[in-house]
Amino acid sequence: MRVLILGGDGFCGWPTSLHLSALGHDVAIVDNLSRRKIDIELECESLTPIRPMHERLAAWKEVSGREVAFHYFDVAKDYQRLLDLIKEWEPHAIVHFAEQRAAPYSMKSSAHKRYTVDNNLNATNNVLAAVVESGLDIHIAHLGTMGVYGYGTAGMKIPEGYLRVKVETDDGAQVENEILYPANPGSIYHMTKTQDQLLFFFYNKNDKVRITDLHQGIVWGTQTKETRLDERLINRFDYDGDYGTVLNRFLMQAAVDYPLTVHGTGGQTRAFIHIQDTVRCIQIALENPPKPGDRVQIFNQMTETHRVRDLAQMIVDRTGAQIDYLPNPRNEADENDLHVRNDRFLALGLDPITLDEGLMEEVTGIARRYAQRADRSKIPCVSLWRAPAAAASQQAKVNQS
C-alpha cells in the first residue's frame with residue numbers, strides 16, 4: 001500500500017510512518033516542520049534530542065533497509081504542490097496528522113487562536129479538495145480527538161461518532177435518525193476538530209470520499225518498537241505546559257524531582273492511549289477502510305479512562321513524589337465522569353496496552369536519561385482560557401511569594 005502521511009515529523013506522525021514502513025508499505029511524509037519551529041518560539045525543545053529530518057530518514061534506511069520519502073511543504077497553504085504530489089504518486093491512503101495539536105497552545109493568545117483555525121481547517125479542506133480534484137479513490141484516515149465530545153457524559157457511554165435520536169413531529173409521530181454525537185469543544189484546537197467532522201461529512205456525502213475519523217484520547221509513552229532501534233529515531237517527549245501530555249508530564253516531573261502539577265481538584269477524567277496503540281490503531285484503520293458509498297467511519301481511539309488526581313497518586317505511590325495543586329487555567333468543570341465505547345477497534349483485534357508498570361518505567365527512564373535537557377521554567381501551564389483563570393493564577397503567584 002502507498003501511504004502518504006501528512007505531518008509525519010510529529011509526535012504521532014513519526015512513529016506511525018516508521019511502523020507502516022516496517023510493515024512493508026511504501027511511505028512518504030509531507031511536513032513543513034512547524035512543530036520544530038514552535039519549539040523555537042516557545043524556547044523549549046523536546047526532552048529527547050530530535051535529529052534533523054534527513055538524519056532521521058537516513059538512520060531508518062540504515063537500520064531497516066527501507067526508504068521513506070520526504071516532501072517539505074505546508075499542506076494548509078501549498079495546495080497545488082499537494083495536488084501534484086497526489087496525482088503523481090497516487091497513494092492508496094492518506095493519513096492526516098497535519099494540524100496544530102495542542103489545546104493550551106491554541107488558547108495562548110488571539111494570534112495562536114487564529115493560527116490554529118487557519119492551519120487546521122485549511123489543511124483539512126485542502127486534503128479533501130485535492131483528493132476530489134485528483135479523481136482518485138483515496139482513503140483518508142484523520143487523527144481527531146476525544147475532545148470533540150467534551151468531557152462530560154449524559155449517563156451513557158459515548159458512542160463511536162453517531163447518536164441515534166427520536167424526534168416528535170408536529171402531528172405526534174416519532175421519527176428516528178442518526179446524527180453526529182453533539183460536539184462540545186473545550187478549546188480552539190478542539191473546535192477545529194469538530195469543524196473537521198463537518199468537512200468530512202460534507203465531502204463524504206457530496207463527493208463520496210472514503211474517510212475514517214479517529215477520535216483519539218491523550219497519548220502517553222514516547223517510544224515504539226521502531227523508534228527504539230536507534231537513538232537517531234527517538235520520538236518526541238514534550239514536557240512543557242503547552243504540548244506535554246498529562247501522564248508523561250507527571251512521570252517526567254517525578255524523574256527530575258519536581259512536584260506533580262495537578263490543576264484544580266484533579267477531578268477531570270480523561271481518555272488515554274499508549275503511543276504503541278496509536279500506531280497500531282492507524283494500521284488497523286488502513287487495513288479496514290470504509291467501502292465506497294459508506295458514511296464516514298468513526299472510531300474512538302482510546303484504551304482506558306482515568307481521573308487526573310488518581311494518576312498523580314499512582315505516580316506518588318511509585319516514586320514518592322509530591323503533588324502541587326494549582327489553579328486550573330482551563331475553563332472546565334472541576335469534576336467529570338467519562339464513559340466511552342471503543343468496541344470497533346477491539347473487534348478488529350486491538351489488544352490494548354494499559355498503564356503497565358514497565359512502560360511507565362520506560363518513560364521515567366527516558367526522562368532521567370535526558371534530564372539535563374529539561375528547562376524547569378517551562379513546566380508550568382501558563383496558557384489561560386479566560387480572565388478569571390488569569391486572575392486566579394496571578395493571585396496564586398502572590399500567595400507563593
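Reader: At what angle do the axes of helix α6 and helix α7 cross?
Author: The model is predicted, with local features needing pLDDT of at least 70 and side-chain atom pairs counting only at pLDDT 80 or more, while totals for chains, interfaces and linings use all residues. Residues are numbered from 1 along each chain as its sequence is written, and side-chain values use heavy atoms, with hydrogens and water left out. The axes of α6 (residues 110–134) and α7 (residues 188–207) cross at roughly 15 degrees and come within 10 Å. Axes are lines fitted to C-alpha atoms, for helices over the stretch in contact, and angles run from 0 to 180 degrees between N-to-C directions. Helices (H or I, at least four residues) and strands (E, at least two) are DSSP runs, numbered from the N terminus.

Reader: Why is α6 called roughly parallel to α7?
Author: Angles under 35 degrees count as roughly parallel, over 145 as roughly antiparallel, 65 to 115 as roughly perpendicular and the rest as oblique. The angle here is roughly 15 degrees, and that makes α6 roughly parallel to α7. The crossing of α6 past α7 is right-handed; a crossing has that name if the near helix is turned clockwise from the far one by less than a right angle, and is left-handed if anticlockwise.

Reader: Which residues of α6 and α7 meet?
Author: Contact means heavy atoms within 4.5 Å. The residues that meet include Leu121, Leu128 and Val132 in α6, and Leu199, Phe200 and Tyr203 in α7.

Reader: What makes α1 roughly parallel to α3?
Author: Helix α1 (residues 13–22) and helix α3 (residues 53–64) pack at an angle of about 25 degrees, with their axes 12 Å apart. That angle makes α1 roughly parallel to α3. Here too the term is right-handed, for the way α1 passes α3. Trp14, Leu18, Ser21 and Ala22 in α1 meet Met53, Arg56, Leu57 and Trp60 in α3.

Reader: Is threonine 194 buried or exposed, and how do you know?
Author: Buried means under 20% relative accessible area, exposed over 50%, and partly exposed in between (1.4 Å probe, protein chains only). Threonine 194 has a relative accessible area of 6%, so the residue is buried. Threonine 194 lies in helix α7 and touches Val148, Ala183 and Pro185, not counting residues up to four places away in sequence. From threonine 194 to threonine 145 the C-alpha to C-alpha separation is 9.0 Å in space and 49 residues in sequence.

Reader: Where does glutamate 43 fall on that scale, and why?
Author: Glutamate 43 has a relative accessible area of 60%, so the residue is exposed. Glutamate 43 is found in the loop between α2 and α3. Its phi is positive, about 55 degrees, although it is not a glycine.

Reader: How many disulfides does the structure hold?
Author: The structure holds 0 disulfides, a disulfide being a pair of cysteine sulfur atoms within 2.5 Å. For cysteine 281, which is in no disulfide, the nearest cysteine sulfur is that of cysteine 12, 11 Å away. Cysteine 281 is buried, with a relative accessible area of 1%. Cysteine 381 is in no disulfide either, the nearest cysteine sulfur being that of cysteine 44 at 12 Å. Cysteine 381 has 24% relative accessibility and therefore counts as partly exposed.

Reader: Why do β3 and β12 stand at the edges?
Author: Two strands pair if DSSP finds at least two bridges between them. The open sheet of 7 strands has the order β3-β2-β1-β4-β5-β8-β12, with parallel pairing. β3 (69–72) and β12 (297–301) each have a single partner strand, so one side of each is left without a neighbour in the sheet. From one strand to the next the twist averages 20 degrees.

Reader: How many bridges show that β1 and β2 pair?
Author: Strand β1 (residues 2–6) and strand β2 (residues 26–31) pair in the parallel sense over 5 bridges. Isoleucine 5 has isoleucine 29 in β2 as its bridge partner. Helix α6 packs on this sheet, touching β1, β4 (93–96), β5 (139–145) and β8 (211–216), and its direction makes about 175 degrees with that of β4.
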